[in-house]
Each structure stands twice: as structure tokens, then as C-alpha cells.
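Let's take a friendly walk through this model together.

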Amino acid sequence: MLIRKKTDIASSEITSESVYKQRRRFLGQSTALIAGAGLGLNAPRSRAGLQEDDDITPERIVTQYNNFYEFGTDKSDPYANAGALTTDPWTVAVSGEAKKTGEFAFEDIVKGLTPEERIYRFRCVEAWSMVVPWMGIPLKNILQQFEPTGDAKYVVFKTLYRPEEMVGQRSFFSSIDWPYVEGLRMDEAYHPLSIMAVGLYGKELPNQNGAPWRLMVPWKYGFKSIKSIVSIHFSKRQPVNTWQALAAHEYGFYANVNPAVDHPRWSQASERRLPSSIFDPNRRPTLPFNGYAEEVADLYRGMDLRKFY
Ligand SMILES: Nc1nc2c(c(=O)[nH]1)N[C@H]1C(S)=C(S)[C@@H](COP(=O)(O)O)O[C@H]1N2
Ligand SMILES: [Mo]
């Protein structure tokens, strides 16, 4: 696993700014930190945690080949339609089993937390994969601010519901019951690999990738990594996530990448690493927990992963 720590942003510098300026500053600082550390696109990168041939996927593919059904079901729809989304101001509702609940400005939640660059393999249940340089904040650091109580066993996230700006939510043909919902067990959420991504390639997160922040859990299928989050709920009970609600025999709650358990329509034994074409399919074997088994397998000790898929 690759984690690069950045030096702290002085939060005192940020608090005096207006909310709008805070946003620009937070994102600007993050970008400056990446550039300042010599981690620009062409800079040499450490390959810790990645395999020899895990090349970073071209930015054009990561930002133009997307799944974000709120903006349409074709891979090209989010890039084409997500420009309509306004992300400033952005309010997040926090509820459930925690001491600090209520409505928070996105800026206030991330204030003083430093984004780190994390290069992760990313595997969709549709059997394609990428290698993405995220900028993110450990999810644990975000969630702890709300002081979840001992009754919080799960954390549940919801995406924005705003059909005026999200053309896919207006679609008559959509079978999804909006808003998009996802969740994690608390120990999964607190695992050091779990982040809230706020950027890509050293820049602020594009709308089509889930601006202003989205979950990123690299050992799980992509659908767990919910985008454009406006609600965080601490729950006693395991939630029903969007894809499970649509087809429970195809998609479970855990969704850990597992080459031994096939999806009814796709073998999960291998994946197409993008860019891929009919001439060069770029197929490679899928790894248990997407290659992060050493870090996360302990979370599931004693569980039958065929049953808890
Ligand atoms: N709100 C929301 N989050 C979502 C989705 C979605 O349709 N809506 N699609 C998921 C799926 S299936 C995948 S593979 C990833 C895609 O992330 P990317 O477009 O940044 O690669 O986002 C996930 N998060
Ligand atoms: Mo996906």
C-alpha cells in the first residue's frame, strides 16, 4: 500500500477566510502540497504496494469513463452531464449513534485535515480496473470528529438527490430508488486504507468522479465507493445498499473483490485493465481483496466469504 503523508496545513490560516475562500484554499493547498513535494504527473512515483506492471491509468480514462448513474448509465454520460452539478456550498447531514450530529459545511468537516496522495488499484464488479492517484483523507479522521458511540456498528452514506442537476435522477427508466446509499462496518471504515477522496492527479475532484468528496475503499468492488456524499449516518444495523436493493443475489453488502466468487453475469477471476481494446485486452488475474489481502483479510477472519459476498 502506498501512503504519502503531507505536511499540515495550518488550520488557523483557514479559519479566518470566508467559506468560499476556505474551499478554494483547501483545494488549492492540497494541489500545492502535491506539486511542492515533486509529485506532479511526470514526477517519479514510489511503487510501494503496487505490482511491477501497475501503471497509473491515463487521467483521460479515469475522468471520462465513469459509473455515476445520477448522470446517466453510459460510461461517457457522467463526463458529459456532470458539469451541471453545483458543489459549493455543500452541506453534510450527520445523524445516528454519535455525540455530534447535525448539519455541517463540507469545509468545516475537512478543515485542518490533510489530504494524502494514495495510488490504489480500483476494480469494478463489471470486471474492468484502473490504477488511480487519489488525494484523500483517512475516513477514520473524518468520522471520529463526530464521536460515534459504542452503538455505532455501521456507517451509512447517501449521495446528493437533486434531479434538477442530475439528469439520471429524472430518468423515467431508472430502476434505482434514489438517493444512492452505501455503507461499511465501523471497523472497515476505520481501516487505514479507507479514505474520503477529495482529488485526483493532484487536482480537485472532477464532478464526474464524485465531487466534492467520495468514498474510496480499494479492496471492494467500485460500487461501494459512493460519490458526492451529503449524509453520514451511524447505525446499529447493517444497511441495505443500493445495488443490493436492486439485485440481492448479484450484489451483497460486503462486495470484497474476490476472484473465487463469480457474479452471475461476469466471471470475477480476471479483469480488463484500462486502457484495453479488442486487439490488446490487457487481461490480468484478479487478486483476492484486489491485492490488499495482507492489509484487510483480518477484518473477515472466520467469515464465509461465499455467503457474505
Ligand atoms: N452516487 C453514486 N456513486 C457511485 C456510483 C453511482 O452510480 N452513483 N457508481 C459506483 C460504481 S459502480 C463505480 S465502478 C464507481 C466508479 O467511480 P469512477 O467513475 O470515479 O471510476 O463509482 C461508484 N460510486
Ligand atoms: Mo462499478
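Predicted model: local features only at pLDDT ≥ 70, side-chain atom pairs only at ≥ 80, totals over all residues.

Residues are numbered from 1 along each chain as its sequence is written, ligands are numbered from 1 in the order in which they are written, and side-chain values use heavy atoms, with hydrogens and water left out.

Start at ligand 1, which has 17 residues around it, each with a heavy atom within 4 Å of it. The closest are Asn 66, Tyr 69, Glu 70, Thr 159 and Lys 227. By type, the shell holds eight nonpolar, six polar and three charged residues; here Ala, Val, Leu, Ile, Met, Phe, Trp, Tyr, Cys and Pro count as nonpolar, Asp, Glu, Lys and Arg as charged, and the others, Gly among them, as polar.

Now look at the oxygen atoms of ligand 1. A side-chain N or O atom of Lys 227 is 2.7 Å from one such oxygen, the side chain of Asn 66 places an N or O atom 2.8 Å from a ligand oxygen, and for a polar side-chain atom of Arg 214 the separation is 3.0 Å. On its own, ligand 1 has 530 Å² of accessible area, and the protein covers 98% of that (Shrake-Rupley method, 1.4 Å probe).

Finally, turn to Ala 84, in the loop between helix H4 (77-81) and strand E1 (91-96) (DSSP runs of at least four residues for helices and at least two for strands). Its C-alpha atom is separated by 8.9 Å from that of Asn 207, 123 residues apart along the chain.

Notes. Polar contact = N/O pair within 3.5 Å; in protein donor to acceptor, adjacent residues only side chain to side chain.
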